[in-house]
Amino acid sequence: AEYGRSSSGVVSVSLKSGTNQLTGSAFEYFRDAALDAKNYFATEKAPFNRHQFGGAAGFPVVRNRTFLFLNLEHGVTRRSTTTVSTLPTVANRSGQFQRPVIDPLTGRPFADNTIPASRIDPAAARVLALVPLPQTGAATNNYVFNSPSDQDTRSWNVRLDQVLGPGQNLYVRGSSQRKGDAASSALPADAQGNYVTGGANEVSDAKSATIVHNGVWSPSVVSAIRVGWNRLTWDNLLDQPLRGVGIPGVDTANPGFSQIAITGYRSLGISNVPNFDDSTNYQLSGDV
């Protein structure tokens, strides 16, 4: 009941307060593709560059009474993951297959295992026009691409402590954390910037604030009163010129087109339902 909204584990974080001396720290963590090995299937090493840096400081505002502590952290990740896909061969794209293909209208195989161009669905033809050609003549695992998955993070905390008198103190804490994941795709975008597979970019922004009063009223009576506020917003959106491929009954107001999954081949379509979620939570608790 004290924490609420969580049916799983709870992580409690204790934030430092300032002191009568100026103290602080700074850090930098990095990784680079120069230190990585090449993926076995890739012709070149996938780009990877990550920097995570920040610092913290605590100091007195009024000696022995008012203290301030703050910290900042920023992360920049530019990375790619080698993905191996199976795409339709040049022959498949023209309707030619090695095995018999049954005509659903007659129940008999098409001549020469070839679907006539006049029988290829217009929506399927538009999808094929958006899919890149295979890089090799192999029937499977014929396309290799370093799929980007960039990420930016930024967070900060500020805490102000005030000694009100003997046995009483008050502190106010504010925090913010923002994370942005760029759009990712197992296939490259076309010349117009259209993605035919993958997911949209995601941005989450969390903010919180807390006021805490601690009091020692007697050798046997102490109190702690906390008032908290939390807000989380999450946005998932990808904007591109492509607005569907003509599948009947599918809304074309959103970018991309419906997901299409064919066993053994790279799934197509964009996982992009514009969504905005805003969740605010207020919390009041006290212990005596």
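## A nonpolar patch

A patch, as used here, is made of residues with over 30% relative accessible area and no salt bridge, and nonpolar side chains are joined into one when they lie within 5 Å. With that in hand, here's what turns up in this predicted model: Val61, Val62, Leu160, Val172, Ile211, Ile225 and Val227 make up a nonpolar patch on the surface, and together they have about 540 Å² of accessible area. Strands β2 and β9 (221–237) are the elements that each give two or more residues to the patch.

Let's look at Val62, which sits in strand β2, covering residues 48–62. Val62 counts as partly exposed because its relative accessibility is 42%, between the 20% and 50% cut-offs.

Leu160, another patch residue, belongs to strand β5, residues 151–165. Its relative accessibility is 37%, so Leu160 is partly exposed as well.

## Over to Gln162

Strand β5 also holds Gln162. With 23% relative accessibility, Gln162 falls in the partly exposed class too. Which residues does Gln162 touch, leaving aside its neighbours within four places in sequence? Those are Arg65, Thr66, Asn169 and Leu170.

Sequence spacing and spatial spacing are worth checking side by side for Gln162. Val62 is 100 residues away from Gln162 along the sequence, yet their C-alpha atoms are 9.1 Å apart. Now take Asn142: it is 20 residues from Gln162 along the chain, and the C-alpha atoms of that pair are separated by 65 Å.

Definitions and conventions
Residues are numbered from 1 along each chain as its sequence is written. This is a predicted model: local features need pLDDT of at least 70, side-chain atom pairs count only at pLDDT 80 or more; totals for chains, interfaces and linings use all residues. Side-chain values use heavy atoms; hydrogens and water are left out. Helices (H or I, at least four residues) and strands (E, at least two) are DSSP runs, numbered from the N terminus. Buried means under 20% relative accessible area, exposed over 50%, partly exposed in between (1.4 Å probe, protein chains only). Patches are made of residues with over 30% relative accessible area and no salt bridge: like charges are joined within 9 Å, nonpolar side chains (Val, Leu, Ile, Met, Phe, Trp, Tyr) within 5 Å. Accessible areas come from the Shrake-Rupley method with a 1.4 Å probe; for residues, only the protein chains shown count as cover. A salt bridge is a side-chain nitrogen of Lys or Arg within 4 Å of a carboxyl oxygen of Asp or Glu. Contact means heavy atoms within 4.5 Å.
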